[in-house]
Amino acid sequence: MDPHGKFIEECQQIIGIQNVLISDLDKKPFLIDWSKRYSGKAIAVLKPKTTEEVLALVRLCNQENIAITPQGGNTGLCGAATPRLHGNSVVISTTRLNAIREIDLDNSTITVEAGTILSQVQDAALNANMLFPLSLAAEGSCTIGGNLGTNAGGVQVLRYGNMRDLTLGLEVVTPSGDILHGLRGLRKDNTGYSLKDLYIGSEGTLGIITAATLKLFPLPQSKATSLVAIKNIESAIKLIELARKRCNADLTAFELISTRALCLVESKAKNWESTFSAKSGWTILLEFSSMEDSERSRSQLEILLTEAFELKLIDDAIIANSIQQSKDLWSIRESIPEAQLKLGTIIKHDISVPISKIADFVKDTEVKINARWPDTQTIIFGHVGDGNLHYNLAPLAADMSSNNMESKRQEINELVHNQVYLYSGSFSAEHGIGQAKREELPLRKDSVEIKLMRTIKKALDPKNLMNPEKVL
């Protein structure tokens, strides 16, 4: 007799038989993370359609002492949305909570449910002649709830901020089975603690976000995009400083790409031979967006690049001449994460350091890595405009066994993360902690911070049923 039979029946009564997945085949896609590094077990995968259904399920799980793993698009990279290995858990998938509840143009806000795919929110804003600026490689499959749970960043943080900056209010089902009704579209609200900021970045450990009120922005009238070859990484820091001085309000993105990373997508870069063949070790993808016409944006970019040439900061530059060329340039950057996988096992680091220390960090760390692991190479790219680098290590030869790289993972992580903290940085910039970095977190974070985090977790989730074994 199934010990969870009664529980399953009650779940089916709440959300319908078809929305309670119990067969191994049906559950399988929900029990393994995107990177295939983490897997778990679950009594069932539950797919509610409304906040009230989520509430009923949480109350039932609380009553039966069954743990809950909230899950959105399952595109995370740290195993936060994967249930634990012992199976007294359920996955609550929010993908059916996908309504766009309201667009308030006078208030420049959009209220959406947590399971709404990011690209659908972008499209809804665009249809209203507005902009929702969060932009990620996974935007066609990641969900707003997951974006909130990890405080997602992406390529336009430089101008618009990360998910925390883009959020005005939240609706949350708490572990004890209450609804936090916080969908206020207010930009000023000093009525006590900012509860929404507790839930943003909490990776589902403090409650289930079911809806959010997000900021919208005027749709830029023009964009200007350029791929620039720079002499060295120090030049990148000087170039962003120059760009901010000349056109700070219009600088939307400033992406650093190492030549090694660029070579992984050579087929996409073949139309940009002068930049691609530059002898420099780095390129910059930068973009301006403006409320003025395209001629003005292009002129502004040309003036910046001319000055950068005169200051000998750049070797070469290409400016996109059409929307399609701009998309092609961005396609180069967006294709790197997947392209690097052809090298074999990749040891990834999602790090941030102060912009002023990026050049020294990269040079110093490269020397130490080459000295210890000469059979590896670094693949570096990221949002240098906000100090966030994806600092990845790959085999020097594509045929190196995955076991060879895997055996080095712990030591490589330790070296890179030690370097990050030596340069006053963070070992988790935008991907979160999840399972991947849980054990390391107490070693990297101040003990008082960890103590306060544990106090908050215990106060809000005293039975430790909400995404246990994640973050803490």
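## The largest cavity

In this predicted model, the largest cavity is lined by Val58, Cys61, Asn62, Ile68, Pro175, Asp461, Leu465 and Met466. About 40 Å³ of space lies inside this cavity, and the structure holds 1 cavity of 30 Å³ or more.

Which helix gives the largest share of the lining? That is H3, which supplies 3 residues. By class, the lining divides into 6 nonpolar residues, 1 polar and 1 charged.

## Helix H3 and its partner H1

H3, which spans residues 51-64, also packs with helix H1, residues 5-15. Two packed helices are described by the angle between their axes and the distance between the axes. Here the axes come within 10 Å and cross at roughly 165 degrees. Angles over 145 degrees count as roughly antiparallel, and H1 and H3 are therefore roughly antiparallel to each other. H1 passes H3 in a right-handed crossing.

On the H1 side, the contact is made by Phe7, Glu10, Cys11, Ile14 and Ile15. H3 brings Glu53, Ala56, Leu57, Leu60, Cys61 and Glu64. These contact residues comprise 8 nonpolar and 3 charged ones, with no polar residues.

Now for an open space. The second largest pocket has a volume of about 950 Å³. Its lining is made up of 32 residues, and those nearest the pocket's centre are Lys223, Glu287, Ser326, Lys327 and Trp330.

Which elements give two or more residues to this lining? They are helix H4 (118-127), strand S7 (130-131), strand S12 (222-230), helix H13 (294-310) and helix H14 (323-339). H14 gives the most, with 5 residues. Sorted by class, the lining has 15 nonpolar, 10 polar and 7 charged residues.

## Helix H13 and its partner H9

Besides giving residues to the lining of the second largest pocket, H13 packs with helix H9, residues 233-247. Their axes are 11 Å apart, and the angle is about 140 degrees. H9 and H13 are therefore oblique to each other, and their crossing is right-handed.

From H9, the contact uses Leu239, Leu242, Ala243, Arg246 and Cys247. H13 meets them with Gln300, Leu304, Glu307 and Ala308. In this contact, 6 residues are nonpolar, 1 is polar and 2 are charged.

Note on methods
Residues numbered from 1 in each chain as written. Predicted model: local features only at pLDDT ≥ 70, side-chain atom pairs only at ≥ 80, totals over all residues. Heavy atoms only, no water. Axes fitted to C-alpha atoms, helices over the stretch in contact; angles between N-to-C directions. Helix = DSSP H or I, 4+ residues; strand = E, 2+ residues; numbered from the N terminus. Parallel < 35°, antiparallel > 145°, perpendicular 65-115°, else oblique. Left-handed = near helix turned anticlockwise from the far one by under 90°. Contact = heavy atoms within 4.5 Å. Nonpolar A, V, L, I, M, F, W, Y, C, P; charged D, E, K, R; others polar. 1 Å grid on protein atoms, 1.4 Å probe; cavity = no way out; pocket = protein on both sides within 12 Å on 5 of 7 lines; lining within 4 Å. Points joined across faces, edges and corners; volume = space filled by probe spheres on them.
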